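Have the model open beside you and try each task before you read its solution.

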Amino acid sequence: MSPRIFSLLESPALCSFFDLEAPFPDTIPADLEAFLARLHLIRFSPDDVIVIEGEVGDAVYIVDSGEATVTKKSGSSESIIGKVIAGDIVGELALFTDSTRAATVRAYTEVVAFRISKQDFDELIQMYPHISGTFLRRLYNRLTHSYQELEQQNRQLETLNHYRSELSSIFTMVVLVMSVYSFALEIFQSTLLSDTIKFWGNRFIEIISLLVIMRIIHNSKLSVTDFGVTWTGAARAYKEALCVSIGVILLLTGLKVVTLTYGWISFSDHSIISFSYFNWTYITYLIVAPLQELIGRGVIQSSIQRLLTGKRATFWAILITSFLFGALHLHTSLALGTAALISSLLWGALFARHGTLVGVSLSHFLIGNWVGLLGFWDIVLT
């Protein structure tokens with residue numbers, strides 16, 4: 001056995017391909033030696049093309065080291081459909097058919113491969129017909145593996161399509177419910193009923209909305225944890241929300257002190273904190289705040305985030321939800337709607353960070369009540 005042939009057998013990829021194990025004898029079968037003698041070592045730099053889709057195959061490559069990507073054209077663009085690593089074969093169909101390359105293979109890293117031309121292979125088959133069996137076995141194993149991967153991807157796509165279909169239905173129904181909810185509140189507020197009846201009427205509308213939302217979640221077949229109803233990570237979310245809320249409360253309090261000092265904004269009550277605003281709304285906020293977070297963050301934001309694709313899906317989900325949340329508060333005042341929009345951006349970020357409603361519900365309750373006691377939606381710009 002020549003030194004060149006012996007050095008080729010040091011390749012793990014070739015040994016795996018031919019099911020060989022060291023130590024090797026001084027002589028090897030004539031068919032194997034003839035095959036190895038026709039191999040040529042080829043090196044590819046990153047981004048070099050190994051085979052091109054659509055071209056007639058004239059050789060096969062056994063990858064010794066490195067990694068390459070497999071791409072296929074789709075209109076004017078290319079999509080990555082797989083990868084090639086050490087021990088894989090590239091372009092083996094060219095040895096048995098006259099068909100063109102089915103995909104493009106491009107080196108991702110530096111690739112070292114052994115090349116044998118179709119002409120050399122045909123000559124080997126004439127001398128040693130059983131060599132084709134080795135390649136056919138490898139081809140069969142690769143096709144079987146590819147088929148199994150495609151089956152798995154197909155199941156994942158079916159699950160994803162079902163998931164997105166359910167989320168689309170949820171989002172559509174929730175937007176409809178929120179629109180009806182907003183109109184109902186506005187109509188209810190514009191009547192001449194007493195404040196007590198309006199208050200409990202608003203709570204009744206919120207309860208009905210909650211029941212509808214819970215029915216939608218139940219019909220979706222998704223877990224409530226998908227909508228943030230979970231204690232997983234609750235402790236960390238609680239601590240962070242508490243710290244953030246204290247910081248916002250201090251900032252808002254300082255802002256009111258400054259505005260009262262310089263007269264930038266006119267308040268109906270000139271004290272920093274006014275408990276004249278306190279009523280049943282502040283107590284029932286223990287229920288209302290988590291309810292609004294379940295609808296806003298848990299259902300709407302999480303559904304939008306799953307429906308959208310790309311790196312900015314979370315950003316757009318937070319932004320869309322915040323504007324919708326702010327719009328639902330415009331029936332009270334523009335100031336409250338603006339405050340709801342800004343605070344919703346904060347709570348949306350907290351929810352996206354922790355995935356639980358625990359922290360954002362606490363922050364909503366604390367900041368919402370404090371803003372009310374400060375009288376920030378009972379202001380007049382001067």
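For the accessibility steps, keep these cut-offs in mind: buried means under 20% relative accessible area, exposed over 50%, and partly exposed in between. The model you are looking at is predicted. It holds ten salt bridges, and the exercises take up some of them.

**Exercise 1.** Find what Glu110 and Arg43 form, and decide how accessible each residue is.

Solution. Start with the side chains: Glu110 and Arg43 meet in a salt bridge, at 4.0 Å from N to O. Finally, apply the cut-offs. Arg43 has 56% relative accessibility, so Arg43 counts as exposed. Glu110, at 49%, counts as partly exposed.

**Exercise 2.** Work out whether Lys72 and Glu53 are buried, partly exposed or exposed.

Solution. First, note that these two side chains meet in a salt bridge (3.5 Å, N to O). The pair links distant parts of the chain, with Lys72 in strand E4 (residues 68-74) and Glu53 in the loop between strand E2 (49-51) and strand E3 (59-65). Now the values: Lys72 is partly exposed at 36%, whereas Glu53, at 18%, counts as buried.

**Exercise 3.** Explain which parts the pair Arg353 and Glu240 ties together.

Solution. The closest N and O atoms of this salt bridge are 2.9 Å apart. Arg353 lies in helix H10 (residues 334-354) and Glu240 in helix H7 (residues 234-262), so parts 113 residues apart in sequence are tied together. Glu240 is partly exposed, at 21% relative accessibility.

Terms used
Residues are numbered from 1 along each chain as its sequence is written. This is a predicted model: local features need pLDDT of at least 70, side-chain atom pairs count only at pLDDT 80 or more; totals for chains, interfaces and linings use all residues. Side-chain values use heavy atoms; hydrogens and water are left out. Buried means under 20% relative accessible area, exposed over 50%, partly exposed in between (1.4 Å probe, protein chains only). Helices (H or I, at least four residues) and strands (E, at least two) are DSSP runs, numbered from the N terminus.
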